[in-house]
Amino acid sequence: MGFLLKFIVFSLVLASASSHFNSSEEGFISTVISQKGLNFIKDLLIEKAVSTIIPLRLPDIEKTVNIILVGKVHVVLSDIVIGSLEVDSSDIQIGETGINIVVMKATANPSMNWRYTYGTWLFEISDKGDASVQVDGMNIGLTLSLSQQNGTLEVSLLECGCHVEDISIHLHGGASWLYQVLVDAFQGKIESTIEDNISKKIREGVVNLNSSLQLLPREIPIADVAVLNATFVGSPVLYPSSIEFKINGLFTPSNKKLVSSYYQGEIIDSDYGKSRRENVLNSAARVPFEYHHDETEGSVYCKDAAKMIEISLHENVLNSVSQVLFEENYMHWIVDKIPDQKLLNTAAWKWIIPRLYRQYPDDDIVLNISASSPPSLRLQDRDISATVYGDMIINVIDFGEVTPVACISLEISASLSPQISGKNLVGHVTLKDFALALKWSKIGPLRLYLIQKTIAGLIKTILVPFVDLYLWRGIPLPSFHGLALEDTEMLLNSSKVIMCSDVTFDQELRHHLIYSS
């Protein structure tokens with residue numbers, strides 16, 4: 001029971017995190033990244049870019065200049081290295097052309113060596129030393145485009161530029177005339193070299209970022225039981241201050257390989273009416289982003305603008321979890337121990353099922369309970385309703401042998417009211433309705449109205465309190481390799497579970513993301 005509850009809870013909060021693959025179809029898990037979330041991503045990307053770019057070694061610069069009273073002097077600047085880059089301010093904005101990231105008033109501190117040579121009619125004169133450069137007012141801008149192709153996100157660079165407003169050179173050693181030579185002859189060249197090489201590194205960084213996106217898993221295994229289909233569908237949608245992504249979001253048994261099965265014949269998804277291969281082929285073309293001027297079309301549930309993301313799960317996600325648990329035989333229970341153990345003995349039932357006691361006096365009972373179909377889950381404004389159809393076989397342990405004596409069909413209606421408390425998911429279960437019907441019996445007719453009252457009493461006094469106790473203790477929201485939801489709020493409507501949340505990294509993951517190559 002504990003494993004089952006954990007799996008369902010894990011499935012509910014996965015998103016962080018979506019079975020159609022047709023790009024025109026809607027994904028079942030969508031994520032809206034707010035302006036706060038975009039700022040978080042922007043700061044992370046800038047920090048990553050700086051750690052990747054720095055130290056930046058620039059190519060040597062050399063030039064022959066004509067100096068009055070000296071003649072032609074050949075000057076070489078070598079070992080030019082930008083050892084630090086400080087970002088004063090930055091911004092990220094969404095526009096019709098894409099995602100615009102701007103770094104303003106950045107400063108850098110390159111170091112370099114210098115040497116010069118010139119000749120007279122008698123001999124050659126040379127000198128060398130080092131210098132430091134202060135770069136001020138470096139402005140960097142880039143525009144990114146997002147698209148979806150064959151179930152993965154792609155990012156491409158549309159524009160990129162770097163402009164240095166001013167540099168100052170600090171010469172260590174050398175003749176007095178050399179400083180003015182460096183300023184006059186090399187300042188523009190140093191600026192353009194810095195601008196060109198920073199832009200080049202940014203272009204390389206975007207290519208690497210896109211490669212990393214291609215490595216995002218399309219399937220996420222869950223507890224060796226199920227696989228979440230994390231394939232992106234449809235167009236990324238850009239709003240003036242948010243971005244929305246959608247993924248397929250449905251679960252399948254872990255023994256079914258989604259990607260390989262697409263091409264092994266026309267496997268039909270009976271719930272949604274299309275072959276998986278057809279859906280994949282339909283989504284193979286690149287789908288560019290869409291831009292919507294109306295911000296209200298984006299995050300409509302999370303009214304708190306301070307939250308980074310909004311995650312919504314369609315009820316089909318929950319029903320796919322139900323389907324997996326049913327197919328993997330996790331809805332089959334053998335009940336041979338309960339708190340009130342005397343109820344699992346024929347003596348306790350002699351007034352309810354007299355013939356059972358007469359045929360098997362004082363024998364132990366084992367209940368074999370299994371769902372006959374996947375539970376049906378429906379989202380409502382305040383809770384999740386569940387209808388479960390199952391069979392309960394009554395077995396008697398007679399002289400060490402298990403003897404089935406009757407089978408009763410069950411129809412159970414219940415509701416789950418989930419909510420977030422701190423970093424835990426808690427909830428409350430309510431039994432709404434319970435019905436029995438006799439399928440077959442080896443002990444004659446049964447008075448089901450008496451059995452129904454007894455079993456309903458067992459469910460209300462034993463099963464429901466057990467589940468409630470488990471839920472109210474709280475099940476921690478899962479973290480994914482150091483990435484976790486924080487300050488999460490949950491709400492329900494008639495078709496979706498919505499979570500409004502911040503996102504946090506642990507320090508180990510942050511260090512790995514920033515400083516790994």
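What follows is a quick tour of this structure, which is a predicted model.

Let's start with the cysteines.

| Residue | Relative accessible area | Class |
|---|---|---|
| Cys-160 | 26% | partly exposed |
| Cys-407 | 4% | buried |

Now for the packing. In soluble globular proteins, nonpolar side chains tend to be buried together. Here the largest nonpolar core has 89 residues, and Ile-99, Met-138, Ile-190 and Ile-194 touch the most other members. Both domain 1 (54-215) and domain 2 (219-255 + 305-511) contribute residues, so this core sits between them. Looking past its sequence neighbours up to four places away, Ile-99 touches residues including Ile-92, Leu-142, Leu-146, Leu-238 and Ile-243. There's another core apart from that one, made of 28 residues, with Leu-367, Val-405, Leu-431 and Ile-443 among them.

Last stop, the sheet. Three strands line up as β9-β10-β13 in an open, antiparallel arrangement. At the edges are β9 (219-222) and β13 (251-253), each pairing on one side only. On average, neighbouring strands are turned by 30° against each other, ignoring direction. Strand β10 (residues 226-229) is joined to β9 by four bridges, and Pro-221 has Val-227 of β10 as its bridge partner. Helix α6 (residues 315-327) lies across β10 and β13, at about 10° to β13.

How values were computed. Residues numbered from 1 in each chain as written. Predicted model: local features only at pLDDT ≥ 70, side-chain atom pairs only at ≥ 80, totals over all residues. Heavy atoms only, no water. Buried < 20%, exposed > 50% of the residue type's maximum accessible area, 1.4 Å probe, protein only. Core = buried A, V, L, I, M, F, W, Y, C linked by side-chain atoms within 4.5 Å. Domains from an automatic or database assignment. Contact = heavy atoms within 4.5 Å. Pairing = 2+ DSSP bridges. Helix = DSSP H or I, 4+ residues; strand = E, 2+ residues; numbered from the N terminus. Axes fitted to C-alpha atoms, helices over the stretch in contact; angles between N-to-C directions.
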